[in-house]
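Student: I have a structure open and would like to talk it through with you. Could we go step by step?

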Amino acid sequence: MITQYWIMHKRITVNFKGRVQGVGFRWRVMQVAKLFPCTGYVKNLMDGSVELVIEGAGNDANRMVDAVNLEMRDYWNEQTTDERIGDAHFSGFEIRY
(Lines give C-alpha, C1' and ligand atoms only; values in the text may rest on other atoms or scores of the structure.)
Protein backbone atom coordinates (compact mmCIF):
# COMPACT_ATOMS: atom_id res chain seq x y z
CA MET A 1 0.00 0.00 0.00
CA ILE A 2 1.31 3.44 -0.96
CA THR A 3 0.78 6.23 1.55
CA GLN A 4 0.56 9.77 0.25
CA TYR A 5 1.45 12.67 2.48
CA TRP A 6 -0.27 15.95 1.82
CA ILE A 7 1.80 18.92 2.90
CA MET A 8 -0.06 22.20 3.23
CA HIS A 9 1.43 25.10 1.28
CA LYS A 10 1.17 28.44 3.09
CA ARG A 11 1.46 32.07 2.16
CA ILE A 12 2.20 34.43 5.03
CA THR A 13 2.15 38.20 4.55
CA VAL A 14 3.67 40.29 7.33
CA ASN A 15 3.66 44.08 7.48
CA PHE A 16 6.32 45.55 9.79
CA LYS A 17 6.05 49.09 11.14
CA GLY A 18 8.64 51.00 13.11
CA ARG A 19 12.21 51.94 12.20
CA VAL A 20 12.28 49.46 9.32
CA GLN A 21 13.45 51.49 6.32
CA GLY A 22 17.00 52.72 5.86
CA VAL A 23 18.44 50.25 8.40
CA GLY A 24 19.22 47.23 6.18
CA PHE A 25 15.96 45.49 7.06
CA ARG A 26 15.35 44.03 3.58
CA TRP A 27 18.97 42.88 3.20
CA ARG A 28 18.87 41.11 6.57
CA VAL A 29 15.56 39.44 5.72
CA MET A 30 17.17 38.22 2.48
CA GLN A 31 20.00 36.64 4.50
CA VAL A 32 17.47 34.87 6.76
CA ALA A 33 15.56 33.67 3.69
CA LYS A 34 18.65 31.81 2.47
CA LEU A 35 18.28 29.48 5.47
CA PHE A 36 14.78 28.30 4.55
CA PRO A 37 13.20 26.50 1.58
CA CYS A 38 10.73 29.35 1.11
CA THR A 39 9.93 31.75 -1.70
CA GLY A 40 8.50 35.27 -1.81
CA TYR A 41 9.76 38.80 -1.39
CA VAL A 42 10.44 41.70 0.96
CA LYS A 43 9.57 45.24 -0.07
CA ASN A 44 9.51 48.81 1.30
CA LEU A 45 6.06 50.37 1.12
CA MET A 46 5.21 54.02 0.57
CA ASP A 47 3.80 54.39 4.12
CA GLY A 48 7.24 53.64 5.64
CA SER A 49 6.51 50.02 6.50
CA VAL A 50 8.03 46.83 5.08
CA GLU A 51 5.99 44.04 3.51
CA LEU A 52 7.22 40.45 3.73
CA VAL A 53 5.50 37.72 1.70
CA ILE A 54 6.64 34.15 2.33
CA GLU A 55 5.43 30.93 0.75
CA GLY A 56 6.51 27.52 1.94
CA ALA A 57 5.43 23.96 2.54
CA GLY A 58 4.51 22.61 5.95
CA ASN A 59 5.86 24.67 8.81
CA ASP A 60 8.75 26.24 6.83
CA ALA A 61 6.97 29.57 6.26
CA ASN A 62 6.12 29.92 9.97
CA ARG A 63 9.68 29.07 10.95
CA MET A 64 11.03 31.74 8.59
CA VAL A 65 8.65 34.37 10.03
CA ASP A 66 9.86 33.43 13.52
CA ALA A 67 13.49 33.78 12.41
CA VAL A 68 12.84 37.20 10.84
CA ASN A 69 11.04 38.34 13.99
CA LEU A 70 13.99 37.24 16.12
CA GLU A 71 16.61 38.83 13.83
CA MET A 72 14.76 42.13 13.37
CA ARG A 73 12.99 42.52 16.73
CA ASP A 74 14.86 45.75 17.58
CA TYR A 75 13.51 47.55 14.49
CA TRP A 76 9.78 46.89 14.34
CA ASN A 77 7.25 47.88 16.98
CA GLU A 78 4.05 46.78 15.26
CA GLN A 79 3.21 44.01 12.83
CA THR A 80 0.19 42.55 11.15
CA THR A 81 0.16 39.01 9.82
CA ASP A 82 -2.12 37.28 7.33
CA GLU A 83 -1.75 33.53 6.81
CA ARG A 84 -3.47 31.64 4.00
CA ILE A 85 -3.35 28.21 2.44
CA GLY A 86 -2.80 28.03 -1.30
CA ASP A 87 -0.60 27.33 -4.27
CA ALA A 88 2.95 28.58 -4.81
CA HIS A 89 3.29 31.80 -6.80
CA PHE A 90 7.04 32.52 -6.62
CA SER A 91 10.13 30.70 -7.87
CA GLY A 92 12.62 32.25 -5.43
CA PHE A 93 13.02 34.88 -2.74
CA GLU A 94 13.87 38.48 -3.71
CA ILE A 95 14.06 42.07 -2.59
CA ARG A 96 11.50 44.12 -4.49
CA TYR A 97 11.84 47.82 -5.16
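Tutor: Happy to; what follows is a set of questions and answers on this predicted model.

Student: The side chain of Glu 55 reaches which backbone nitrogen?

Tutor: Leaving out residues up to four places away in sequence, Glu 55 touches a list of residues including His 9, Arg 11, Asp 87, His 89 and Phe 90. Within that list, look for a backbone nitrogen at 3.4 Å from the side chain of Glu 55. The backbone nitrogen reached belongs to Phe 90.

Student: How many residues of S3 are buried?

Tutor: S3 has partners to look at: S1 (9–18) runs antiparallel to S3 and is joined to it by 8 bridges. S2 (residues 39–44) also pairs with S3 in the antiparallel sense, over 6 bridges. S3 is mostly covered, and the number of its 8 residues that are buried is 7.

Student: In the hairpin of S2 and S3, which residue takes a positive phi?

Tutor: The hairpin has 5 residues between the strands. Among the residues of this hairpin, look for a phi near 95 degrees. The residue is Gly 48.

Student: Which element supplies the largest share of the largest nonpolar core?

Tutor: That core has 21 residues, and those with the most contacts inside it are Phe 25, Val 29, Leu 52, Met 64 and Val 68. S1, helix H1 (25–33), S3 and helix H2 (60–72) each supply at least two residues of this core. The largest share, 5 residues, comes from H2.

Student: How far apart are the end C-alpha atoms of H2, and what should its residues span?

Tutor: The buried residues of H2 include Met 64, Val 65, Val 68 and Met 72, and what covers its buried residues includes S1, H1, S3, strand S4 (76–85) and strand S5 (93–96). For the length, take 1.5 Å a residue for the 13 residues of H2, which should span 18 Å. The end C-alpha atoms agree with this, as they are apart by 18 Å.

Key
Residues are numbered from 1 along each chain as its sequence is written. This is a predicted model: local features need pLDDT of at least 70, side-chain atom pairs count only at pLDDT 80 or more; totals for chains, interfaces and linings use all residues. Side-chain values use heavy atoms; hydrogens and water are left out. Contact means heavy atoms within 4.5 Å. A polar contact is a pair of N or O atoms within 3.5 Å; within protein, one must be able to donate a hydrogen and the other to accept it, and residues adjacent in sequence count only if both atoms are side-chain atoms. A nonpolar core is a set of buried Ala, Val, Leu, Ile, Met, Phe, Trp, Tyr and Cys residues joined through side-chain atoms within 4.5 Å. Buried means under 20% relative accessible area, exposed over 50%, partly exposed in between (1.4 Å probe, protein chains only). Helices (H or I, at least four residues) and strands (E, at least two) are DSSP runs, numbered from the N terminus. The expected span of a helix is 1.5 Å times one less than its number of residues. Two strands pair if DSSP finds at least two bridges between them.
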